[in-house]
Amino acid sequence: MWFFLFIFALAVLLGLHFRWRAKYRAQQELRAAEIEDLRQRQQQTSVDAQAQQKILFDSMLEGLLLLDRGKKIYLANRAFKNLFGLKTELRGKTVVEALRLHELDELLQRVESAKQVLDYEIKLPGLGERWLQVNAAAITNSAGEREGTILVFHDLTRLKQLERQREEFVANVSHELRTPLSLIKGYVETLLDGARNNPEVAERFLKTIERNANRLDLLIQDLLTISALESGRMNLDLQPVNLRSLAEKVFNDLHSKAEGKGTKLVCEIPDLTANGDAHRLDQVLANLVDNAIKYGRANGLVAVGGKKLADGKLEVSVRDDGPGIPAEALDRVFERFYRVDKARSRDQGGTGLGLSIVKHIVQAHGGEVRAESEPGHGATFFFTLPEFQATLRDLV
Ligand code: ADP
C-alpha cells in the first residue's frame, strides 16, 4: 500500500515538474521573441534616424564634414562632395587622402589646440579661382573628452568676385572722375595766374573747362543710371513702342551730329511695335546710333533695321561702315569702362558706360544684346525686345 502511495506521489511530482518546465520554456521563448522584437525595432529606429540625418545634412547648402576621434572621415554631406567634385565614398579616409589639400591639415592642427577656428579661408588650386571659408570645431562628450571634429564649408567665390568687381569699379570711377577734374583745376589755376588777362586765351581755356565739366556731368548721369539699373531700382513703364517712330525720333535728335561728320542716317526698320519703356528704349537706340556716328567713318552710313524673329521676339540692328571692332573685343565692349581705343573714346566725349547701360536696359526688357563685326567693314549691334501683344480689349 505504502509502495503504491509512494509511486503515485512520485508520478504527481514528475507530472508537476514537466508541466512547470514546459511553462518555463514557453515563457523563456516568449521573452526571447520579445527581446528580438525590441532589438529589431531599435535597429530600425537607428536606421531611420541615420536616414533622416543624411537627408538633413544633404539638404544643407554648406559643405559638412565630420571626422572621428582618429581624424578619419565619418560623414561628408552632398554639398561638401559637390564643392570638391568628389564622387567616391569618403568614409574612413583622412582629409589629406580624400582632398590632397594641405591647408586643411594645417586647419585641423589648429583645431587641436584652439578647439575652434572660425572664418578660415582657403583658395582652391586649379583653373578658375575658387574660394572657401571653413569654420571648424572640436566635438567633445559630456566628460569633456574629444569625440571628433566638425567642419562647415561655405563657397566664397561669388562674394570674392563681387568684392573684386566693386573694387575695380571704384578704382575706374575715381580714375574717370579725376581726369576731367584735374584738367579743370589746371586751367582754372592758369587763368588765376594771369591767363585771364588775355581774352583770347581765357576764352579757349574756359571752353575747355566747360567741355570737361560737361564730361563730368555726363559721367555722373551715366553712373547714376548704371547704379539704378544694377540695383534693380529702375521700374519699366511698359507700353506699345513703335520702333520705326522711335528710330525717326533718335535720328532727329542726332541729326546735327551726323551732319557734322557727313554721316548718312538710313531708317530701314519696318512697322513693328515692341512692348517696352519708350524713354529707356530711346536711350538704347540713341546710344547705339551715337556710337555708330562717333566710331563710324566720316561721310559714312548708319542704318537702323529690324525684323521679327522665329521665336516671336523683335530684333533691332544698328549698322555702320566704319573700322569695326576686333573679334576679341566684341563681347567685352558691353563691360563697364571697356573701350577698344581709350584715347579715341575720350576724345569723342565717351564715358565707357554707354553699352553697359544698353545691355542692362535690354535685359530688363527680357531681351539680349550682341555685336558683330568684320574689322575694316563696320560693326552691327543687335538687340531683341518682346513684341507688343494687343489684347481683344485693346482693340475695341
Ligand atoms: P564710350 O563712351 O567709350 O563710347 P561705350 O560703352 O558706348 O563707351 O562703347 C564701348 C567701346 O566700344 C567704345 O569705346 C568703342 O571702342 C567701342 N565701340 C562701340 N560702338 C562702336 C562702333 N559702332 N564701332 C566701333 N567701335 C565701337
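Trainee: Let's start with the open sheet of five strands: what is its strand order?

Mentor: Happy to, and note that this is a predicted model, where local features need pLDDT of at least 70, side-chain atom pairs count only at pLDDT 80 or more, and totals for chains, interfaces and linings use all residues. Residues are numbered from 1 along each chain as its sequence is written, and side-chain values use heavy atoms, with hydrogens and water left out. Strands (E, at least two residues) and helices (H or I, at least four) are DSSP runs numbered from the N terminus, and two strands pair if DSSP finds at least two bridges between them. With mixed pairing, the order is E7-E9-E10-E12-E11.

Trainee: Which strands stand at the edges?

Mentor: An edge strand here has a single partner strand, so one side of it is left without a neighbour in the sheet. The two in that position are E7 (264-267) and E11.

Trainee: In what sense do E7 and E9 pair, and which residue in E9 is the bridge partner of Val 266?

Mentor: Strands of a sheet pair through backbone hydrogen bonds, either parallel or antiparallel. E7 and E9 take the parallel sense, over four bridges. In E9, the bridge partner of Val 266 is Ala 303.

Trainee: Which helix lies across E7, E9, E10 and E12?

Mentor: Axes are lines fitted to C-alpha atoms, for helices over the stretch in contact (heavy atoms within 4.5 Å). Angles run from 0 to 180 degrees between N-to-C directions. Running at about 25 degrees to E10, the helix is H9.

Trainee: Which residues does Leu 285 touch, not counting residues up to four places away in sequence?

Mentor: Nonpolar side chains tend to be buried together in soluble globular proteins. For Leu 285, the list is Leu 246, Ala 247, Val 250, Val 304, Val 316, Val 318 and Phe 383.

Trainee: How far apart in sequence are the parts that Glu 315 and Arg 370 tie together?

Mentor: The two form a salt bridge (a side-chain nitrogen of Lys or Arg within 4 Å of a carboxyl oxygen of Asp or Glu), with their closest N and O atoms 3.1 Å apart. Glu 315 lies in strand E10 and Arg 370 in strand E11, so the parts are 55 residues apart.

Trainee: What separates Arg 244 and Glu 248 in helix H7?

Mentor: Their side chains meet in a salt bridge at 3.6 Å, N to O. Arg 244 is partly exposed at 31%, and so is Glu 248 at 41%. Being four residues apart, they are separated by about one helical turn.

Notes:
Buried < 20%, exposed > 50% of the residue type's maximum accessible area, 1.4 Å probe, protein only.
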